Amino acid sequence: MITERIDRITHIPAERLAATLAAPRSVKIELSARCNYRCQFCALTVREKQPTRDMDFELFKRITRDMRDAGVEEVGVFFIGESFMNPRLLVDAVNYLKQAVGMPYVFLTSNAAAATPQAVEAVMGAGLDSLKWSVNSADEQQFVEVMQVSPKMRERALHNIKGAWLIRSAMGYRTKLYASSIRYDGEQHERMELMLSEHIRPYVDEHYWLPLYSMGSLTIPKEEALGIYPIAGNIGRYDNPVAPLPCWSVFQEGHVLSDGRLSACCFDATGHWIMGDLRQQSFMEAWNSEDFQRLRRRHIERDVRGTACEHCVAYQR
């Protein structure tokens, strides 16, 4: 189950609460920093300049082989951007991880709008282990208000979600299909339940809820303007939360931006939490850099004042 995998990452075991660590089980890599949505709760919308170049495939190959040699067992072929914006790179990346590197588990989260049947079949055929859809609007009106794109994108996404289920059934691929949704409250939750029952749950193996994150406090003004209010920090999934400090992201999972920089934060769209540069360092050199060690010590002390995490609601609220 996907929720068991999530909980293994978000719940920090005692032996992982240290400044210097062995390689994490999981790393997410931003193949494409571009996105076809402009979700008002996403940190991508606060980038001063939206990137136009995707990750260099030669860089991807070098850093992922290095990660596997270091002991990484799971790679997410996404981070902040939407990986189906470059389906050829996505398929090549999955194929390389499974065939050349021997990565045990390769996973992906997508908003589904660009996940055409042709692209989905190709990525399943390349060996993708898990494909999760991010579904966060109850109807067309909310979709337009929050995602800030044409309602046709919603129709396309729902069509692609159903299509992926049919492709897997017809072709016998082993890719697991999941979906997650932000759990709002009150009437909104009831509306989400109706939509999920009709359009999502029949076409996935498992659905789970996430809280509305603050994205490192970067998007709070936009969220509050919409009348939605984030929880403190990154507490994992809604039904099995963890304490916001120490933050699991700092100890349990690597996050690589499309330009090759390693971040300490799973919401880092702006490079505020950069701990190393994989264009110039090995993965383990960046993972245990002096900056990363200092930050981990502050999280262990539960006092992140004066660090890159100071303005996150995990500390302020």
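Predicted model: local features only at pLDDT ≥ 70, side-chain atom pairs only at ≥ 80, totals over all residues.
Residues are numbered from 1 along each chain as its sequence is written, and side-chain values use heavy atoms, with hydrogens and water left out. Local features need pLDDT of at least 70 and side-chain atom pairs count only at pLDDT 80 or more, while totals for chains, interfaces and linings use all residues.

The chain has an average pLDDT of 91; this score is the predictor's confidence in each residue, from 0 to 100. At least 70 is reached by 92% of the residues. Residues 215–219 stay under 50. Beyond four places in sequence, this stretch has 24 contacts in the model, a contact being heavy atoms within 4.5 Å. Residues 313–317 also fall below 50, with 23 contacts beyond near neighbours in sequence.

Helices (H or I, at least four residues) and strands (E, at least two) are DSSP runs, numbered from the N terminus. An open sheet is formed by 9 strands, in the order E6-E5-E4-E3-E2-E1-E7-E8-E9. Its pairing is mixed; two strands pair if DSSP finds at least two bridges between them. Strands E6 (206–210) and E9 (274–277) are the edges, each pairing on one side only. On average, neighbouring strands are turned by 25° against each other, direction ignored. Axes are lines fitted to C-alpha atoms, for helices over the stretch in contact, and angles run from 0 to 180 degrees between N-to-C directions.

E2 and E3 run parallel and are joined by 3 bridges. Glu 74 has Tyr 105 of E3 as its bridge partner. Gly 76 stands opposite Phe 107 in E3. Strand E3 is largely enclosed by the rest of the structure, because 6 of its 6 residues are buried. Buried means under 20% relative accessible area, exposed over 50%, and partly exposed in between (1.4 Å probe, protein chains only). Tyr 105, Phe 107 and Thr 109 point one way from E3. Val 106, Leu 108 and Ser 110 point the other way.

Ser 26 lies in strand E1 (residues 26–29). Ser 26 is buried, at a relative accessible area of 1%. Residues up to four places away in sequence aside, Ser 26 touches Ile 9, Glu 74, Phe 107, Gln 252, Glu 253 and Gly 254.

Helix H3 (residues 87–101) lies across E2 and E3, at about 160° to E3. Its 15 residues should span 21 Å at 1.5 Å a residue, and the end C-alpha atoms are 20 Å apart, which agrees. The expected span is 1.5 Å times one less than the number of residues. Buried positions in H3 include Leu 89, Leu 90, Tyr 96 and Lys 98. The buried residues of H3 pack against helix H2 (57–70), strand E2 (74–76), strand E3 (105–110) and helix H4 (117–125). Gly 102 follows H3 with a positive phi, near 75°.

Just after H6, Gly 172 has a positive phi of about 75°.

The largest nonpolar core has 98 residues. Such a core is a set of buried Ala, Val, Leu, Ile, Met, Phe, Trp, Tyr and Cys residues joined through side-chain atoms within 4.5 Å. Tyr 37, Val 77, Phe 84 and Trp 133 have the most contacts inside this core. H3 gives its largest share, 8 residues. Beyond four places in sequence, the contacts of Phe 84 include Leu 90, Leu 108 and Leu 131. Another core, of 5 residues, lies apart and includes Ile 6, Tyr 178, Tyr 208 and Leu 210.
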